[in-house]
Amino acid sequence: MDKDKNWLVSNRKFTEEEMELYGKEILPQLPSYRAEDRSIESREMIPFFKMIKWPRTDSQTSQYILWTDKVWGGRITFENLRVAMLATHDRIRYLQWIVEALDSNGDGYISREEYEFGMDLMAAHEPTLAKVPYEQMVREADLNGDGLINIDEMMKWLEKIDNRIQL
Ligand SMILES: [Ca+2]
Ligand SMILES: [Ca+2]
């Protein structure tokens, strides 16, 4: 398997303690650090990963930056970094994090706009992920038949897709 392709999975497991330490000791050293929401500019993930000695390829890092720019408007908070990094070795946890980030208005449902935006991004880092049209996704994912896709339905559908394309 192409290691670079599978950028979500890492052999390294981060612990909560480690992440707390990075949040306290490392993140505030970055020039763009903002104490009120403990955030940094997306590009400073590059020095951050170097400082914590977590080897990332350029394409991995540029996907994190792209995601941060599109989903969070260019800044990543410590909380988002923490959750994403704790999930790097755990595919299901990572999918959960993606789906929650996809629900950008926080109503618990994935709208057409939220879906299309998210699939574009995922397709960018995962070219083999076939772009499934929204209507088809709803047909496959809408388990309770209400015509809407909630977080749980989206998770289950992505898990299925995940198995189908053998990431
Ligand atoms: Ca939503
Ligand atoms: Ca539904």
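Biologist: Let's start with L66: is it buried, partly exposed or exposed?
Modeller: Bear in mind that this is a predicted model. L66 has its place in helix α3, residues 58-72. Around L66 there are 14 other C-beta atoms within 10 Å. A buried residue needs 20 or more and an exposed one has 12 or fewer, so with its 14 L66 counts as partly exposed.

Biologist: What separates the C-alpha atoms of L66 and R43?
Modeller: Along the chain, L66 and R43 are 23 residues apart.

Biologist: Stepping back, which pattern does the chain follow along the sequence?
Modeller: The chain has eight helices and two strands. Read along the sequence, they come in the pattern α-β-α-α-β-α-α-α-α-α.

Biologist: What share of the chain's residues counts as buried?
Modeller: The chain has 167 residues. Being buried takes 20 or more other C-beta atoms within 10 Å. The share of residues that count as buried is 17%.

Biologist: And which helix has the lowest confidence in the chain?
Modeller: The mean pLDDT of the chain is 84, and 85% of the residues reach 70 or more. Confidence is highest in strand β1, residues 39-41, at 98.

Biologist: Over residues 1-9, how many contacts beyond near neighbours in sequence does the model have?
Modeller: The pLDDT is below 50 over residues 1-9. Where pLDDT is low, the predicted coordinates should not be read in detail. With that caution, the number of contacts in the model for residues 1-9, beyond near neighbours in sequence, is 13.

Biologist: How far apart are the end C-alpha atoms of helix α5?
Modeller: Helix α5 runs over residues 91-102, which is twelve residues. At 1.5 Å a residue, α5 should span 16 Å. The model agrees, because the end C-alpha atoms of α5 are apart by 16 Å.

Biologist: What arc do the buried residues of α5 cover around the axis?
Modeller: The buried residues in α5 are L95, I98, V99 and L102. They sit on the same side of α5, because the arc they cover around the axis is only 95 degrees.

Biologist: Which element gives the most residues to the largest nonpolar core?
Modeller: The largest nonpolar core has twelve residues in all, including L95, I110, Y115, M137 and W157. Two or more residues of this core come from each of α5, α7 (134-141) and α8 (151-165). The element that gives the most, with four residues, is α5.

Biologist: Which residues is L158 in contact with, leaving aside neighbours within four places in sequence?
Modeller: L158 is itself one of the residues of the largest nonpolar core. Leaving aside neighbours within four places in sequence, the contacts of L158 are L95 and V99.

Biologist: How many residues make up the second, separate core?
Modeller: Among the residues of this second core are I40, F48, L81 and A84. The number of residues in the second core is seven.

Biologist: Is F48 buried or exposed?
Modeller: F48 has its place in helix α2, and leaving aside neighbours within four places in sequence, F48 is in contact with I26, L27, L30 and I40. F48 has 21 other C-beta atoms within 10 Å. The cut-off is 20 or more, so F48 is buried.

Biologist: What is the C-alpha separation of F48 and L27?
Modeller: F48 and L27 are 21 residues apart along the chain. Their C-alpha atoms are separated by 6.9 Å.

Biologist: Where is K53 found, and is K53 buried or exposed?
Modeller: K53 is found in the loop between α2 (45-51) and α3. Phi of K53 is near 55 degrees, a positive value in a residue other than glycine. K53 has 7 C-beta neighbours inside 10 Å, so K53 counts as exposed.

Biologist: What value is phi of R38 near?
Modeller: R38 is found in the loop between α1 (16-26) and β1. R38 is partly exposed, because 18 other C-beta atoms lie within 10 Å. Phi of R38 is positive, in a residue other than glycine, and is near 50 degrees.

How values were computed: Residues numbered from 1 in each chain as written. Chains lettered and ligands numbered in written order. Predicted model: local features only at pLDDT ≥ 70, side-chain atom pairs only at ≥ 80, totals over all residues. Expected span 1.5 Å × (residues − 1). Arc of directions from axis to C-beta. Core = buried A, V, L, I, M, F, W, Y, C linked by C-beta atoms within 7 Å. Contact = placed C-beta atoms within 7 Å. pLDDT = per-residue confidence, 0-100.
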